[in-house]
Amino acid sequence: MKKNLLILASVLFCFNVIVNAQTNIKKDDIIGRWIISVAEYKDFFTFDLEKESLILSDSSKANLAKAHVSIDSLMSGMKPTFEILRKMFFKFNVDGTGEIYWGQGPASDYRITYTIDEEKSTITTTDRHRKNEPWKIFKLQEKILLEINQAPQDGGMDIWMTLKKSN
């Protein structure tokens, strides 16, 4: 019995180490320029920019069916939005400065400073308006995942962006 408990404890410890290794992020992990590879708008749609595919949630599919709108017409109507997503980038410099370009306007308008809380796996960016934006951030091998929780006044939608390094 003790042997089984010891084995179980060892397995749980190893699992915890593996999970933490995948989610904890250090400042060195994010240095560079990042572009979106997948943008998931919770309970609405997921767009894979690399595959150029759109996956709709069940409620979005139902709303399209009620409105008699085809997925093809939705895709052509959303092309401008997807072009904006393709232009977006996140740049993090070693000195704690960077840019978050939202795909419109001059990139110089999007200068930020940032801090990393390695223990909580969060990155907090401060823009030119001194608005602090804390986001959860996770390491996914060569990619990173940002969890953006918008307040109701900002649209109230949770967004998960998988970013990959750009040259």
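**Entry 1. An aromatic cluster**

I began with the aromatic residues and noted that Tyr-41, Phe-44, Phe-45, Phe-47 and Phe-82 form one aromatic cluster. The model I am reading is a predicted one. I then searched the whole structure for aromatic pairs, and the search gave eleven. One of them joins Phe-47 and Phe-82, and it is stacked, because the ring centres are 3.6 Å apart and the planes lie at 5 degrees. I traced where the two partners belong: Phe-47 is in strand β2 and Phe-82 is in helix α4, so that the pair links distant parts of the chain, 35 residues apart. I also looked up the exposure of Phe-47 and Phe-82, and both are buried.

**Entry 2. A second pair**

I next turned to Phe-90 and Trp-102, which form an edge-to-face aromatic pair, with 5.8 Å from centre to centre and 80 degrees between the planes. Phe-90 lies in strand β4 (residues 89-92), whereas Trp-102 lies in the loop between β5 (97-101) and β6 (111-117), twelve residues away. Are the two partners buried or exposed? Phe-90 is buried, with a relative accessible area of 0%. Trp-102 counts as partly exposed, at 33% relative accessibility.

**Entry 3. Phe-90 and the nonpolar core**

I listed the contacts of Phe-90, leaving out residues up to four places away in sequence. Among them are Gly-32, Arg-33, Trp-34, Ile-36, Trp-135, Leu-146, Met-161 and Leu-163. I then consulted the largest nonpolar core, which has 32 residues. Its members that touch the most other members are Ile-30, Ile-36, Phe-90 and Met-161. As a general matter, nonpolar side chains in soluble globular proteins tend to be buried together.

**Entry 4. Helix α4**

Helix α4 covers residues 71-87, 17 residues in number, and spans 23 Å from its first C-alpha to its last, close to the expected 24 Å. Where does α4 bend? The bend is at Lys-79, by about 50 degrees, and a proline, Pro-80, follows within four residues.

I then asked which residues of α4 are buried. They include Leu-74, Met-78, Phe-82 and Leu-85. In general, an α-helix has 3.6 residues a turn, so residues three or four places apart point the same way. The cover over the buried residues of α4 includes β1 (32-41), β2 (45-48), β3 (53-56) and α3 (58-66).

**Entry 5. Leu-85**

Leu-85 counts as buried because its relative accessibility is 3%, under the 20% limit. Apart from neighbours within four places in sequence, Leu-85 is in contact with Ile-36, Ala-39, Tyr-41 and Leu-49. The C-alpha atoms of Leu-85 and Leu-49 are 8.2 Å apart, although 36 residues separate the two in sequence.

**Entry 6. Two positive phi angles**

Finally, I looked up the backbone at two loop residues. Asp-43 is not a glycine, yet it has a positive phi of about 65 degrees. Asp-43 is placed in the loop between β1 and β2, and it is exposed, with a relative accessible area of 66%.

Gln-141 is not a glycine either, and it has a positive phi of about 50 degrees. The loop that holds Gln-141 runs between β8 (132-140) and β9 (143-149). Gln-141 is exposed, because its relative accessible area of 68% is over 50%.

Definitions and conventions
Residues are numbered from 1 along each chain as its sequence is written. This is a predicted model: local features need pLDDT of at least 70, side-chain atom pairs count only at pLDDT 80 or more; totals for chains, interfaces and linings use all residues. Side-chain values use heavy atoms; hydrogens and water are left out. The expected span of a helix is 1.5 Å times one less than its number of residues. The bend at a residue is the angle between axes fitted to the seven residues ending there and the seven starting there. Buried means under 20% relative accessible area, exposed over 50%, partly exposed in between (1.4 Å probe, protein chains only). Contact means heavy atoms within 4.5 Å. A nonpolar core is a set of buried Ala, Val, Leu, Ile, Met, Phe, Trp, Tyr and Cys residues joined through side-chain atoms within 4.5 Å. Rings of Phe, Tyr and Trp (its six-membered ring) pair if their centres lie within 6.5 Å; planes under 30 degrees apart count as stacked, over 60 as edge-to-face and the rest as tilted.
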